[in-house]
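I opened a notebook page for a structure that is new to me, and I mean to write down what I look up in the order I look it up.

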Amino acid sequence: MKKTFKEKIIFRFTNMARQHKFLKYPCLALLSFILGIYYIGRHFATNGKRYASVAFVIIFFMNSCSFSFAVFAERTGFINAQEAYSAVVEDSDIALAVEKEVNLENQILLDDDDVDAGYDAAEDIEGVDTYTLDDILENQENYQTDDIPSEDSAEEYVFDSSDWRLVLINKQHPIPEDYEFTLGTIKGSMQCDERIISDLLAMLQAAKVDGVNLAICSPYRDLNRQEVLFNKKIKVYMGQGMSYMEAYKLASQAVTVPGASEHQIGLALDIFCDTYTSLDEGFAETEAGKWLAEHSCEYGFTLRYPSGKEYITSIEYEPWHFRYVGKEAATIMKEEGICLEEFWDKYL
Ligand SMILES: [Zn+2]
């Protein structure tokens, strides 16, 4: 009977070891090594087709998927990325910058609010209407909000991870595909999830009673506006000397890749006031900023990107960005000084 490779090799080594006692251990080690290689090789030989198809699927996915578009495509050279995205560039009014060395690691990621920041919100921002508080509250009587939960009842409250108010949207958790909500009108073209409007107006009114005139800027943004902001981000980066490719890559890393913004599901609002109209950290020191930090939870809103939690949210401190989470959760988050990610960790 014909011996297999394995039997042959074992036979040879045992013979050699018998003849030369001192070679016993080196022989054993060499034998194990050769057999190891033999088994690995045989595994790949018999499963070759399987591995080839998996590799094919991965390469196909990486080349056609929008997540890896341009960067991966260029690296592999499967398609000419320059041609592919120049079509995008030529359609828009983005001017290609002269390329020069840019240290990408030191760049600060921009998010949508950063791109909007610095713009005077009192001016008309790209067709988004702005209204005074009196406009928004006109013809309306007293806005009611449910009773603020007492500390005890808030602790007993059982939170449900399927509660729409608590939906977690961040870079790791994009908007669920089946997420549904109905837009309601705050005033004119200003819209947000209709379920939060009464609490929002009650908050504006209560602030007014306390002598603080709040104003809302960019509540709901549709995908279109997200894209406008995304392109604007690319422009800002290119203005700093980056190539389109680098700018695209960096802009994609920011949390608000279209599809990952709370503004898109109508639960987030940027709030400022009549005396301070730019979206920057200075807002925290205004009467309005302080009032919101103190009272927004009573109306179900939470300061979504607090100072000191940047390592969790991966978003810089934004004292103007408020997210509706419901009164129970907002109260707990304020009392315990935790952000939404931490709240999920602890209560859901
Ligand atoms: Zn915002």
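Entry 1, confidence. I am working with a predicted model, so I began with the pLDDT, which averages 80 over the protein, with 73% of the residues scoring at least 70. Among the elements, I found the lowest mean pLDDT, 55, in helix α3 (residues 71–76), and the highest, 97, in β5. I also noted that the pLDDT is below 50 over residues 117–128, although this stretch has 20 contacts in the model beyond near neighbours in sequence.

I looked up the largest nonpolar core, which has 42 residues, and the members that touch the most others are Leu214, Ile271, Phe272, Phe301, Phe322 and Ala329. The elements that give two or more residues to this core include the strands β3 (214–217), β4 (268–273), β5 (301–303) and β6 (321–324), and also the helices α8 (197–209) and α11 (287–295). Taking phenylalanine 322 from that list, I found that its contacts, leaving out residues up to four places away in sequence, include Ala268, Leu269 and Ile271 as well as Leu292, Phe301 and Leu303. Apart from this core there is a second, separate one of 11 residues, with Leu229, Phe230, Ala247 and Leu250 among them.

I checked the length of α8, whose 13 residues should span 18 Å at 1.5 Å a residue, and the end C-alpha atoms are 18 Å apart, which agrees. Which residues of α8 are buried? I listed Asp199, Leu200, Leu201, Met203, Leu204, Gln205 and Ala207, and what covers the buried residues includes α6 (133–137), β1 (183–187), β3, α11 and β5. Just after α8, I noted that glycine 211 takes a positive phi of about 85°.

Serine 189 lies in the loop between β1 and β2 (190–193), and I recorded it as exposed because it has 12 C-beta neighbours inside 10 Å. Its C-alpha atom is separated by 9.6 Å from that of tyrosine 220, a residue 31 places apart from serine 189 along the chain. I then turned to serine 314, in the loop between α12 (310–313) and β6, which counts as partly exposed because 17 other C-beta atoms lie within 10 Å. The phi of serine 314 is near 55°, a positive value in a residue other than glycine. I wrote this down because most residues other than glycine have a negative phi.

Note on methods
Residues are numbered from 1 along each chain as its sequence is written. This is a predicted model: local features need pLDDT of at least 70, side-chain atom pairs count only at pLDDT 80 or more; totals for chains, interfaces and linings use all residues. A nonpolar core is a set of buried Ala, Val, Leu, Ile, Met, Phe, Trp, Tyr and Cys residues joined through C-beta atoms within 7 Å. A residue is buried if 20 or more other C-beta atoms lie within 10 Å of its own, exposed if 12 or fewer, and partly exposed in between; C-beta atoms are placed from the backbone. Helices (H or I, at least four residues) and strands (E, at least two) are DSSP runs, numbered from the N terminus. Two residues are in contact if their C-beta atoms, placed from the backbone, lie within 7 Å. The expected span of a helix is 1.5 Å times one less than its number of residues. pLDDT is the predictor's confidence in each residue, from 0 to 100.
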